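Trainee: I am new to this structure and would like to go through it in questions and answers. Please show it to me before we start.

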Amino acid sequence: MSAFDHRKYRPAPRVPAFDRQWPDRDLDHAPIWVSEDLRDGNQALLEPMSVAQKQRFWHQIVKVGIKEVMVGFPSASQPDYDFVRWLIEEDQIPEDVTIAVLVQCREHLIEKTFESLVGAKRAIVHLYNSTSTTQRERVFEMDRAGIVDIAVQGATWVKTYAARYPQIEWCFEYTPESFSSTEIDFSLEICEAVMDVWQPTPDNKCILNLPTTVEVAGPHPTPIRSSTSASTSRIATA
């Protein structure tokens, strides 16, 4: 058996030097704290939280004062779907709290996600797909263009289904999954492709979520939004 060779692991790439001003800015107001506990905990546990457990957790999160909460993955499991419906049908969401849900770039999952949110006043739909070199080559067996096509199609579906429910105030969020293992230029390319579909404006922003997936790199950018349970830099962008 050969000796372990640490040199085969490449360090996470840094953003090339350019005229950046925002890292040096001082925060003069509180950031938006985002709770990811109802999603991350549910994914990590051997036995996922029940609806009743999520309900108790929800009440505690609201009591703490968190104003933006990722409540789950309603298209992936019935308990998550039922929990989202409980929040809406039982009027459990305070007026100043916004819920968010996660979904992959698959139409049937996106359709079910929007169905779960019927009746909400506001909601963030968080779309993602895998972008790292390893995932592109080994999982999807696609080149960069193929992965961009997945993201663009997913963004288009999200925009199309949101238009069916104009009474709900929508915010769109996109994650290039495994951002910290994805080439910087490709991360920029795919995020811009998604924004080309969504066409965000200063009055109708989208969110770019830049995660250090599975802790393979430090969260170098200064976060504008901070997550309570995930190492993530989130940028609300126009």
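Trainee: Are F114 and Y161 buried or exposed?

Mentor: This is a predicted model, in which local features need pLDDT of at least 70, side-chain atom pairs count only at pLDDT 80 or more, and totals for chains, interfaces and linings use all residues. Residues are numbered from 1 along each chain as its sequence is written, and side-chain values use heavy atoms, with hydrogens and water left out. Buried means under 20% relative accessible area, exposed over 50%, and partly exposed in between, with a 1.4 Å probe and protein chains only. By that rule F114 and Y161 are both buried.

Trainee: How many aromatic pairs are there?

Mentor: Rings of Phe, Tyr and Trp (its six-membered ring) pair if their centres lie within 6.5 Å; planes under 30 degrees apart count as stacked, over 60 as edge-to-face and the rest as tilted. The count by this rule is six aromatic pairs.

Trainee: How many residues apart in sequence are the parts that F114 and Y161 tie together?

Mentor: The two rings form a stacked pair, 6.2 Å centre to centre with 20 degrees between the planes. Helices (H or I, at least four residues) and strands (E, at least two) are DSSP runs, numbered from the N terminus. F114 belongs to helix α4 (residues 107-116) and Y161 to helix α6 (residues 144-162), so the parts tied together are 47 residues apart in sequence.

Trainee: Which strand and which helix hold F172 and W198?

Mentor: F172 and W198 form a tilted aromatic pair, at 5.1 Å centre to centre and 45 degrees between the planes. F172 counts as buried because its relative accessibility is 14%, and W198 is buried at 7%. F172 lies in strand β5 (residues 169-177), and W198 lies in helix α7 (residues 184-198).

Trainee: At what angle do helix α2 and helix α3 pack?

Mentor: Two packed helices are described by the angle between their axes and the distance between the axes. Axes are lines fitted to C-alpha atoms, for helices over the stretch in contact, and angles run from 0 to 180 degrees between N-to-C directions. The axes of α2 (residues 51-64) and α3 (residues 78-89) are 9 Å apart, and the angle is about 45 degrees.

Trainee: Which residues of α2 and α3 make the contact?

Mentor: Contact means heavy atoms within 4.5 Å. On the α2 side the residues are V51, K54, Q55, W58 and H59, and on the α3 side they are P79, D80, D82, F83, W86 and L87.
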